[in-house]
Amino acid sequence: MLPTFAPDATADDARAALEAAGWREIGTGDWAWVLASPDGTLAARVTPFDPAFRMFADACLAGPPNPFLVRVDDVVPLRHRGYVVVMERLHPADEGRARDLVASLGITSASDPTPPAGASAELADHPDVVDLRRRIEDLLAAGARRYRLWGGADIRPGNILQTADGELRLTDPVFVHGPTVFESIRDGRADLLADFSRADLEDFLRIPAFVPGPDTDALRRALDGLVLSDAQRTTS
């Protein structure tokens, strides 16, 4: 069902191969494209570069199943640090139940620190929520150690989805601060980009947030002019 990708396949190559195999695009975010399998049971999240979701997907694969956590089946590497995450197909969640799960987790979202209004935290002591909270806190700490431009938690109702049977799933709970990466490229702040190679930054400018056009071309020229360290000039 999942096509085979060449080791040097780009995200565009992967999307084309998936579409040729009958997968169809069902969503586009800032960092990735999402396609559904022909039978509608799986999703493939395709990105040229998104280090935070890669950490999350790897943690999902390494840890035990949790009924409130998206099921990840595989992470398939692409060129440089691009990848395809194969996971269960999810759908928009009931908003009230999503708010309650966010409140029960009790982790302040750096992207939106305002607690969800009218939410109940009645699941806060549920063993699976306690386990999920610990795992997300571990992931947040690991990300903060790894990346200078770590954004933190992105746990909000919009990142709670549900299965076809209505079971809630947390997905995409952490992020690298993309706007600061963008601003650092634009402003020539190579010192803030030390965690990323030139290849990383070139692929960052290929995520869906950067549509083809004069603005993206200007960013690519700015990246060409950045004076990077020897380590950054190598390919990830």
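Visitor: Which residue just after H5 takes a positive phi?

Guide: Please bear in mind that this is a predicted model. The residue in question follows directly after helix H5, and its phi is about 75 degrees. That residue is Gly-188.

Visitor: What secondary structure does the protein have?

Guide: Both helices and strands are present. The count comes to seven helices and ten strands.

Visitor: Within what arc do the buried residues of H7 fall?

Guide: Helix H7 spans residues 214-224, and its buried residues are Thr-216, Leu-219 and Leu-223. Seen along the helix axis, they line one face of H7, because they all fall within an arc of 55 degrees.

Visitor: Which exposed residues does H7 carry on the face turned away from its buried side?

Guide: The buried residues of H7 pack against helix H5 (178-187) and helix H6 (198-204). The face turned away from that buried side carries the exposed residues Pro-214, Arg-221 and Asp-224.

Visitor: Is Thr-171 buried or exposed?

Guide: Thr-171 lies in the loop between strand E9 (168-170) and strand E10 (174-176). Leaving aside residues up to four places away in sequence, Thr-171 touches Phe-53, Phe-56, Val-70, Asn-159 and Leu-161. Its relative accessibility is 9%, and the cut-off for burial is under 20%, so Thr-171 counts as buried.

Visitor: What radius of gyration does the protein have?

Guide: The C-alpha atoms fill a box of roughly 55 × 40 × 30 Å along the principal axes. For 236 residues, a compact globule would have a radius of gyration near 18 Å. The protein agrees with that expectation, for its own value is 18 Å.

Visitor: How far apart are the mean positions of the positive and negative charges?

Guide: The protein has 25 positive and 37 negative charges. The distance between their mean positions is 3 Å.

Conventions
Residues are numbered from 1 along each chain as its sequence is written. This is a predicted model: local features need pLDDT of at least 70, side-chain atom pairs count only at pLDDT 80 or more; totals for chains, interfaces and linings use all residues. Side-chain values use heavy atoms; hydrogens and water are left out. Buried means under 20% relative accessible area, exposed over 50%, partly exposed in between (1.4 Å probe, protein chains only). Helices (H or I, at least four residues) and strands (E, at least two) are DSSP runs, numbered from the N terminus. The arc is that of the directions from the helix axis to the C-beta atoms. Contact means heavy atoms within 4.5 Å. The radius of gyration is taken over C-alpha atoms; the globule rule is 2.2 Å times the number of residues to the power 0.38. Lys and Arg count as positive and Asp and Glu as negative; His and the chain ends are not counted. The place of a charge is taken as NZ of Lys, CZ of Arg, CG of Asp or CD of Glu.
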